[in-house]
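This report describes the aromatic rings of one protein model and the packing of its helices. Please look at the sequence and the structure before reading on.

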Amino acid sequence: MSISYGVYQLFNLIMFLMLLKVLLSWFPNIDWYKEPFNSLKKFTDLFFEPFRRIIPPIGMIDISPIAAFLLLGFIQQALVILLRNMGL
C-alpha cells in the first residue's frame, strides 16, 4: 500500500464521519453529550467550526458542512496528486 493511498483513505474516513454527523443531526432525540455521539461531535466540529464562524446559517439550515466537504475534497485531491508525483 502506498502512502498516497493511505492519505486518500484517511480523508475518506474523515468525510464519512462528517457525513454521519450531518445525518445524525436530523434526529432531534440524540443526546450529543453521551458517547459515542460526543466524540463524533468533538471530532467533526474541528472541521465545521471554522466555516461556521464565516458562513451564517440560512434560516435553520447550517451550510458550513458543504464548505467543509468541498475544501477537504480539494485538499485530499491535491495531496494525493502531490504524493503520487513524488512516488509515494
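A search of the whole structure finds 2 aromatic pairs. Rings of Phe, Tyr and Trp (its six-membered ring) pair if their centres lie within 6.5 Å; planes under 30 degrees apart are stacked, those over 60 are edge-to-face, and the rest are tilted. Trp 32 and Phe 37 form an edge-to-face pair, 5.8 Å from centre to centre with 75 degrees between the planes. The rings of Phe 43 and Phe 47 also form an edge-to-face pair, with centres 5.4 Å apart and planes at 70 degrees.

The model is predicted: local features need pLDDT of at least 70 and side-chain atom pairs count only at pLDDT 80 or more, while totals for chains, interfaces and linings use all residues. Residues are numbered from 1 along each chain as its sequence is written, and side-chain values use heavy atoms, leaving out hydrogens and water.

The table lists the accessibility of the paired residues. Buried means under 20% relative accessible area, exposed over 50%, and partly exposed in between (1.4 Å probe, protein chains only).

| Residue | Relative accessible area and class |
|---|---|
| Trp 32 | 15%, buried |
| Phe 37 | 26%, partly exposed |
| Phe 43 | 31%, partly exposed |
| Phe 47 | 22%, partly exposed |

Trp 32 is found in the loop between helix H1 (3-24) and H2. Helices (H or I, at least four residues) are DSSP runs, numbered from the N terminus. The charged end of Lys 21 sits over the ring of Trp 32, 4.7 Å from its centre; this requires NZ of Lys or CZ of Arg within 6 Å of the ring centre and within 35 degrees of the ring normal. Leaving aside residues up to four places away in sequence, Trp 32 touches Lys 21, Leu 24, Ser 25, Phe 37, Asn 38, Leu 40 and Lys 41, where contact means heavy atoms within 4.5 Å.

Phe 43 and Phe 47 both lie in helix H2 (residues 37-54), 4 residues apart, about one turn of the helix. The axes of H2 and helix H3 (residues 64-85) come within 8 Å and cross at roughly 115 degrees. These axes are lines fitted to C-alpha atoms over the stretch in contact, and angles run from 0 to 180 degrees between N-to-C directions. On the H2 side, the contact is made by Phe 47, Phe 48, Phe 51 and Arg 52. H3 contributes Ser 64, Pro 65, Ala 67, Ala 68, Leu 71 and Leu 72.

Note on methods
Helices (H or I, at least four residues) and strands (E, at least two) are DSSP runs, numbered from the N terminus.
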